[in-house]
Amino acid sequence: MVEEERGNRDGAEDREQRKCTFAGRKEECGNRDGAEDIVVSLRGVCNRFGDHAVHDNLDLDIRRGEILGLIGESGAGKSVLLRSILGLRPPSAGSVSIMGLEMGKAGEKEKNAVRRRWGVLFQDGALFSSLSVEENAAFPLREFTRLSPALQRKIAHLKLFLAGLPASAFAKFPGELSGGMRKRAGLARALALDPDILFLDEPTAGLDPLSAAAFDRLVRTLRDDLKLTVCVVTHDLDTLYAVCDRVAVLADKHISAVGDIASLLRLDHPWIQEYFNGPRGRAASNSKSEEQVWKYAPSILR
Amino acid sequence: MPPPPPFPRTSPETASGPRGVRGSTREESPALAGTRPSGVPEGARSSPARSTTSASVLAVQEGAVLRLIFAGVLTAETLHALEKAVPDALRNAPADVVLDLKGVTRLDTAGALFLNLTLDGRRRAGYSCVLQDPGERFSHVLCIARLPAGDNEANVRARLKEGRGRQGVSAGGPVRLLIEFLERVDAALSASLRSIGALVGFFGAFLCVGGGMVRHPGRMRFTSLVFHMEQCGLRAVPIVALLTFLIGMVVAYMGAQQLSMFGAQDFAVNLLEVTVLREMAVLITSIVAAGRTASSFTAQIGAMTANEETAALLSMGLDPLALLVVPRVSAMILCLPMLVFLADISALLGGACALHFSLDMDLQAFITRFYAVAKLKHLVVGLVKTPFFGAAIALVGCFHGFRATRNAESVGFLTTVSVVQAIFLVILLDALFALFFTAVRI
């Protein structure tokens, strides 16, 4: 809570500074207390299914260059919130602003401009099953650029390698891939146009611990390399500890706390205490497995 | 707050590069006199998304060194302008090359990859090629945007082609085209033969399971059976009744018109009786059922197969045939005769209606005449066929459902196939029945 308020207060100054600091975004985001600007801003978002309110007056800011984890119980409405941000399910009330553009009021053309600036990894990859992996990764390039097919393929290969897929998988179809590879291919597609924001929906769900840790590391590397802003919806405590700069807790129909894990642990919220101090939470906080795991990651990433 | 440009880093004001060399309106500056510029026109379609600028390149010969001065925004959206220009500039330049990035305001991974590929290609050709002035901000992206040595283009393409099977037409002479044509005929023919074999196998498996059910009726899923009877029987009544009513009208009206030329218009009732009871009502109903039911069975079971639900059943030791197929096929076997009986009534009513309007034959006269000429065997011959048609339709629908894969296209494709095959089978069986009944003189 404390952090979030400070973020809001600084917002105005940040916008002033943004003009001149665009080139050095990476340096900028390292400096937590200094200049930060808000890439995604939710204000007073409500979502209702009939009489049942999922979100009530929810506020959330995502800062440029950070990796924000979004946690909450099953059924707390994390995925609904993500769909609201993406505009797949416009909120019943409230506003969603992305990169300064209020999505509820903007025209279709402006919204499309913003849509090209984000990449989304859906839970099971959501790859186009009639296209090969390579064609999937090249799909946004095919649709939105005028590059020659040869260069499109080269760029797609680069993104697939960055996502940690071996060349032998490029010609396969999504139906022939394992779950982890599908996620990596989905990530490559999300990265195709060098997005500024990356939304990940349960990126490590259903992966074995080694792959999950490698994926976590991958997200962090990509954030640093490509200067992304990342929003991760996750249940995976290891992901939270290994990757996220800040964690937003969705409970009681709104974001009840935002901050790094250390500051969340100091809060006196029963669900948060239980979440992080439960047996699995403690195990994740003690784990030093990240470095050990790293040596199994695909060679391209090392 | 007025909507700011979505992406501050694309704003052209921040471009620090030599503005003079960017875009199509560039003028040759005095400093470049005597050099040979080969600029690239600005992209015709400026993307509404992120860029208000474009990429350009200017080639300048400096003694033995060719300097390519890049300017503007080098991203996936603007790169197409450079894609032809850079190789063109390099083609006839047996010289060392300097890629000058001073004027570049933005570089994404696509642009960096393009530069790296240019560098590598040049170095492979035996010339020296360096990047000048990448600056702190670009060195990182240039570093990551590299394809590993293992990225063998030819390999991937070969595999892609292989995966695609024989779908792509490759260029070639008439002989090659002929061979390709024959290959496709062969592939299609053997696929359909295999499919027929598999269908027969499926029928056999169904008989085994269905036979077991007959011996132990308690294993039958009656809830499911009743549900499917409602879906493919009761709910089909309105459309079947309407269609057969219209067909009955048409048959009676056309018959009356032709027969009245011989003054034999009363025989229109005989014509109606034979045509409708033996063939028309049965065929129309079966074809409607094939369209409605075979497709829905394929889609239902196909979605379940794609979602691994049938695999889940198998893993629990349950037989999808018993749970999914037997209720559906039984429902069709039970429902189609009832539907056809309703269709008979509806078609006769339609015929009576048409005769009433065309020949002034009132309902009383129609019934009297019909009672005098009708033979029970026509009705029976029509109805006897229906359980077979129903079984064929349901079996084809279920069979294709099980062939579904995780591919999104497969269920749609299989639905089409199952409807076509079901209608084909219905008409084929009808022809066989006609031969049989002729042979036994019924």
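Leaving aside neighbours within four places in sequence, which residues is Leu160(A) in contact with? In this predicted model, the partners of Leu160(A) are Val133(A), Ala137(A), Leu165(A), Phe170(A), Ala185(A) and Ala188(A), where contact means C-beta atoms, placed from the backbone, within 7 Å. Residues are numbered from 1 along each chain as its sequence is written, and chains are lettered from A in the order in which they are written. Local features need a pLDDT of at least 70 and side-chain atom pairs count only at pLDDT 80 or more, while totals for chains, interfaces and linings use all residues; pLDDT is the predictor's confidence in each residue, from 0 to 100.

Leu160(A) also turns up, with Val57(B), Leu68(B) and Phe70(B), among the residues with the most contacts inside the largest nonpolar core, which has 122 residues. Such a core is a set of buried Ala, Val, Leu, Ile, Met, Phe, Trp, Tyr and Cys residues joined through C-beta atoms within 7 Å, buried meaning 20 or more other C-beta atoms within 10 Å of a residue's own. Helix 8 of chain A (residues 209–226) brings the largest share, eight residues; helices are DSSP runs (H or I) of at least four residues, strands (E) of at least two, numbered from the N terminus.

Chain A also has an open, mixed sheet of six strands, ordered 6-7-8-3-9-10. Strands 6 (118–121) and 10 (254–259) of chain A sit at the edges with a single partner strand each, so one side of each has no neighbour in the sheet.

Conventions:
Buried ≥ 20, exposed ≤ 12 C-beta atoms within 10 Å, placed from the backbone. Contact = placed C-beta atoms within 7 Å. Pairing = 2+ DSSP bridges.
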